[in-house]
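I opened my notebook for this one and wrote down each thing I looked up. Here are the entries, in the order I made them.

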Amino acid sequence: MTRTNSFFYPLVTLIVVSTFTSFSVQARGNKRCPVPESSVTVSVKNTPAKVIYKTGHSRSDIERQQLKRGLHANRGKWKILGLTQTDFKYSLETSVKYTKTAGGRYCAYPVSFELNIGYADFIVYIDRKYLPGSCEYRAILKHENSHITIYRRYLEHYLPYIKKQVRAAAIGVRPVIVSVPDQGTKYIQEQVQRRIRPLILKLNREANVSNARIDTPESYRKVQLLCDNW
């Protein structure tokens, strides 16, 4: 039996909203389960993200895009001239093998785990008032690209640790006795998910803090000083 769980974390420049769904599964380890015939396999893939630039939207359009993500468009006296949106996502596909035991129950064995992790395409909005090639356009573009660089840098930093945790968790999962096959799949998958959740939370938290450092009044003032025709 194969089960896939997917998680998405909406990101708007520096904002990260994270939600997890957990469950309780009643499953017992059982020493009577025969030793598995083969070892569990693990695959971790980083899904690449493209950068898509949208230059045909007005300032009010961009503010509406921000509001769609549940964020306030007003930043005091500062107007929104650019916006970067993406989603951090991962999915964990888990394959489990079952054998019947005495009493009509099942012994569930982990067979494989496939983790796909990364960002959705980065969507960068730039106020259409500023034409490509202008000083103002280049300044906004540089600022928004800095956000993308931060997201990618933190993923690159944490990916080796996430891979290590997935493999360690997969090797450590033991066969369990369950009364319903789906219970075993959920239980086995959760053993791996709970090992990688803290790292993913930490990745997003640190990327959030780092992005916040370039979204400050002082940062905006520095951008404004680069050009004259705001």
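**Entry 1: ground rules and layout.** I take helices (H or I, at least four residues) and strands (E, at least two) as DSSP runs, numbered from the N terminus. Read that way, the elements of the chain run β-β-β-β-β-α-β-β-β-α-β-α-α from the N terminus on, and they come to four helices and nine strands. I keep in mind that this is a predicted model, where local features need pLDDT of at least 70 and side-chain atom pairs count only at pLDDT 80 or more, while totals for chains, interfaces and linings use all residues. Residues are numbered from 1 along each chain as its sequence is written, and side-chain values use heavy atoms, with hydrogens and water left out.

**Entry 2: whole-chain totals.** I looked up burial next (buried is under 20% relative accessible area, exposed over 50%, partly exposed in between; 1.4 Å probe, protein chains only). Buried residues make up 44% of the 230 residues. The accessible surface (Shrake-Rupley method, 1.4 Å probe; for residues, only the protein chains shown count as cover) comes to about 12,500 Å², and 52% of it belongs to carbon and sulfur atoms. For contacts I use heavy atoms within 4.5 Å. Of the contacts with a separation of 6 or more, 81% are between residues 24 or more positions apart.

**Entry 3: the cores.** A nonpolar core here is a set of buried Ala, Val, Leu, Ile, Met, Phe, Trp, Tyr and Cys residues joined through side-chain atoms within 4.5 Å. Which residues touch the most other members of the largest one? In that core of 42 residues they are Leu115, Ile117, Tyr119, Ile162 and Leu203. The elements giving two or more residues to this core are S6, S7, S8 (122-126), H2, S9 (176-178) and H3. H2 supplies the largest share, 13 residues. I also noted a second, separate core of five residues, including Ile80, Leu83, Ile123 and Tyr125. Back at Leu115, leaving aside neighbours within four places in sequence, I listed its contacts; among them are Val44, Tyr90, Leu92, Ile162, Val166 and Ile196.

**Entry 4: aromatic pairs.** I pair rings of Phe, Tyr and Trp (its six-membered ring) if their centres lie within 6.5 Å; planes under 30 degrees apart are stacked, over 60 edge-to-face, and the rest tilted. The whole structure holds seven such pairs. Phe88 and Tyr119 have ring centres 5.2 Å apart and planes at 75°, so I filed them as edge-to-face. Phe88 sits in strand S6 (residues 82-100) and Tyr119 in strand S7 (residues 106-119), so this pair ties together parts that are 31 residues apart in sequence. Phe88 is buried at 0% relative accessible area, and Tyr119 is buried at 3%. Tyr119 also pairs with Tyr151, a tilted case at 5.5 Å centre to centre and 50° between the planes. That pair links strand S7 to helix H2 (residues 135-172), 32 residues apart. Tyr151 is buried too, at 1%. Phe88, Tyr119, Phe122 and Tyr151 form one aromatic cluster.

**Entry 5: helix H3.** The expected span of a helix is 1.5 Å times one less than its number of residues. For the 32 residues of H3 that gives 46 Å, and the end C-alpha atoms are 46 Å apart, which agrees. I checked for a bend as well (the angle between axes fitted to the seven residues ending at a residue and the seven starting there). H3 bends by about 30° at Ile196, with Pro198 following within four residues. Ser210 also lies in H3 (residues 181-212). Is Ser210 buried or exposed? At 8% relative accessibility, Ser210 counts as buried. Beyond its neighbours within four places in sequence, Ser210 is in contact with Ile150, Arg153 and Tyr154.
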